[in-house]
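Let's take a walk through a protein chain together. Have a look at the sequence and the 3D view first, and then we will go through the parts one by one.

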Amino acid sequence: MRTYSSRPRKSQTTPRSSSGIPEPPSSDPSTSAKRPLEDSEANRTSKRARPSPGTTKSKPAAKRKQKSLTQLHFCVDQPIIRRCPLCDLRYTKGATEDVALHKVHCARVQKGMEWSKEEEREGYGTSITEVRSRIKLGNGRTGRIISFPADVGGKIGCKLSSLLQTVNVCLSAPPLSKPTLQTSKAYLFLIPQDGPAKSESIVGCVIAQRIETAMDVISLDSSGPRETEESPKRTVEVAGVFCNPQQLPTPMGISRMFVSSKHRRQGIARALLNAAAETFILGCHLDPRQSQIAFSQPTGDGNKVMQDWGGGRIRIYEED
Ligand SMILES: CC(C)(COP(=O)(O)OP(=O)(O)OC[C@H]1O[C@@H](n2cnc3c(N)ncnc32)[C@H](O)[C@@H]1OP(=O)(O)O)[C@@H](O)C(=O)NCCC(=O)NCCS
Ligand SMILES: [Zn+2]
């Protein structure tokens, strides 16, 4: 029986950046996201006693040493690589830089990032459009959705690129290419921050992209097509999802979707997706249940949203 599965995730370690912001894995996540063990391993290796030249020259001394040999044990119960249960990041315990980068990443994953008044002012009436206001969430809080071109510059561009770095680390995904950003819009879900500062927090993000084609997902229910078993060449698997390889015209792709962990299951992803479907193409309301929207490489949670929001009619496309 076919099953959907989450995208195989690589081990995550805190990537480094000169700006002090956690960086996503490079375009080849298999080689980039792993933090080398050299420091600690090398230190441990160098601490191991090696026979000094003097020891081999003086036989009596060597014999005396051999008598006092003791069995050494590796201490394996205290791993130096720690996996944070809150953000899933792996980092080196005790390495100051790693610990600091993890702290920043972890706070962003859980609570989101600040959307300041300066950022709002810079784009208000120009690049930023408020596409939805006063959205009531499941927990009673109220938020709003803004949108702007994903290749925007200035303060807003910097904020988006920091946000996308965090999202890419969480998804073990490569950075979005410049051409992709040029054909994409960012949708951000903002809620007021607690306290007197009157800033907002970005608690959810969807990047919608103009695409040409995508593939239908093969239905999992028993009445659906059975291409996988009968003619395996007629199916392709993308991130554990089986698709019909025929490329069908599809106007919008969702390349990134993320909601900070403390705000999940409140309807934020659904609200962002609705906003993107309704406003991505001016004057054209796209319908996920008419196969007009595709996701790229959905995760396990992404799959659940796909099923719920798109009723099984969301397509899959492959990013450039
Ligand atoms: C996937 C993700 C964006 C969903 O965000 P969200 O705001 O929690 O989603 P919503 O509250 O809008 O959920 C909409 C529906 O999707 C389904 N769903 C979402 N998350 C689910 C989960 N963890 N388990 C089961 N169903 C889930 C439910 O049917 C839900 O409706 P309900 O809460 O009324 O039952 C969020 O879990 C996330 O950021 N995960 C980590 C990053 C990721 O995997 N991104 C997806 C890339 S494709
Ligand atoms: Zn963490």
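What pLDDT does the chain average? The average is 81, and 73% of the residues score at least 70; pLDDT is the predictor's confidence in each residue, from 0 to 100. This is a predicted model, in which local features need pLDDT of at least 70 and side-chain atom pairs count only at pLDDT 80 or more, while totals for chains, interfaces and linings use all residues. Residues are numbered from 1 along each chain as its sequence is written, and chains are lettered from A and ligands numbered from 1 in the order in which they are written.

Two stretches call for care. Over residues 1-11 the pLDDT is below 50, and this stretch has 23 contacts in the model beyond near neighbours in sequence. Residues 224-228 also have a pLDDT below 50, with twelve contacts of that kind. Two residues are in contact if their C-beta atoms, placed from the backbone, lie within 7 Å. Where pLDDT is low, the predicted coordinates should not be read in detail.

Now for the overall picture. The chain has eleven helices and 14 strands. Helices (H or I, at least four residues) and strands (E, at least two) are DSSP runs, numbered from the N terminus. Of the 320 residues, 35% are buried. A residue is buried if 20 or more other C-beta atoms lie within 10 Å of its own, exposed if 12 or fewer, and partly exposed in between, with C-beta atoms placed from the backbone. Among contacts with a separation of 6 or more, 65% are between residues 24 or more positions apart.

Strands pair if DSSP finds at least two bridges between them. E7 runs antiparallel to strand E6 (residues 184-192), joined by nine bridges, and antiparallel to E12, joined by seven. Strand E3 (residues 113-115) is also antiparallel to E7, with three bridges. Look for Ile202 in E7: Leu190 stands opposite Ile202, and Ile202 is also the bridge partner of Met113. Arg210 has Met252 in E12 as its bridge partner.

Elsewhere, strands E4 (residues 129-136) and E5 (residues 142-149) pair in the antiparallel sense over five bridges. Here Glu130 stands opposite Ile146 in E5. Five residues lie between the strands of this hairpin, where Gly140 takes a positive phi near 90°.

Finally, let's visit ligand 1. Of the 20 residues around ligand 1, Arg264, Ala269, Thr299, Gly302 and Asp308 come nearest; a residue is near a molecule if its C-beta atom, placed from the backbone, lies within 6 Å of it. Two or more residues of this shell come from each of helix H7 (154-171), strand E12 (252-259), helix H10 (268-279) and helix H11 (300-310). H11 gives the most, with five residues.

After H11 comes Gly311, whose phi is positive, near 55°.
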